[in-house]
Amino acid sequence: MARGKFISLEGGEGVGKSTQLAALAGALEGRGLAVLVTREPGGSPGAEAIRALLLEGDDTRWSPRAEALLFAAARADHIDQTIRPALDRGLWVLSDRFLDSSLAYQGEAGGLGIEAVRDLHRFGSLDFLPDRTLVLNLDEAEGAARARNRDGSSGDRIGSRPPSYHAAVDAGFRNMAKQDPERIKLIDASGSAATVTARLLYALGDLLP
Ligand code: TYD
């Protein structure tokens, strides 16, 4: 059986990522693919336990370095326990966030630097990368407004950081897409949900059977 493909879906807060994740999974299944939807932080029992440590509590609960290590540890477990076994069974794995979130949030916005966070991934996960990363991109003001409409608040430990932090996250994603245009595709998240889903599928065109 052919190995499945590993796709990550990324983006800042409030870009419609959850809606698009479900729509994209449905579209891939409609093409006859078996799809496993997973998420970060989380996606395996160990990583879900780390998720609670990361997203609950006070913003100052972890230092930037400790936070980056926890994300990297969760990711190593997620890959070992969930992602690799599913790919080996021929499933397509669709992850709500992955490494590029750590590069954008902890590396770029958190000030650790992209290279330091990439080094953690080399150590923790042997630099295991998605076959394709789709970054939903909206201008920051519009995204923040949508997130507030949805949640009625600014959310968890990381979601509630100031607008300057989230603007740096968005800039980080755009930079990464520029540096690795083969793997990382920036997707315009404006317009109707169906239009955005069509853009996502188009960006996977060369991988589809
Ligand atoms: P989640 O509730 O899954 O948010 P969202 O709907 O925005 O995906 O919470 C995940 C939060 O963790 C989100 O604010 C992004 C952040 N995050 C990082 O800072 N680094 C990472 O490596 C990952 C995977 C997520």
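I looked up the make-up of the shell around the ligand: five residues are nonpolar, four polar and seven charged. I counted Ala, Val, Leu, Ile, Met, Phe, Trp, Tyr, Cys and Pro as nonpolar, Asp, Glu, Lys and Arg as charged, and the others, Gly among them, as polar.

The model is predicted: local features need pLDDT of at least 70, side-chain atom pairs count only at pLDDT 80 or more, and totals for chains, interfaces and linings use all residues. Residues are numbered from 1 along each chain as its sequence is written, and side-chain values use heavy atoms, without hydrogens and water.

I noted 16 residues around the ligand, each with a heavy atom within 4 Å of it. The closest are Glu13, Lys17, Arg97, Ser102 and Gln106.

I checked which helices (DSSP runs of H or I, at least four residues, numbered from the N terminus) supply the shell. H2 (45–55), H3 (64–88) and H4 (99–109) each give at least two residues; H4 has the largest share, four.

I then looked at distances from polar side-chain atoms to ligand oxygen atoms. Ser102 has one at 2.6 Å, Arg97 at 2.7 Å and Arg51 at 3.2 Å. The protein covers 89% of the 540 Å² of accessible area (Shrake-Rupley, 1.4 Å probe) that the ligand has on its own.

Note on methods: A polar contact is a pair of N or O atoms within 3.5 Å; within protein, one must be able to donate a hydrogen and the other to accept it, and residues adjacent in sequence count only if both atoms are side-chain atoms.
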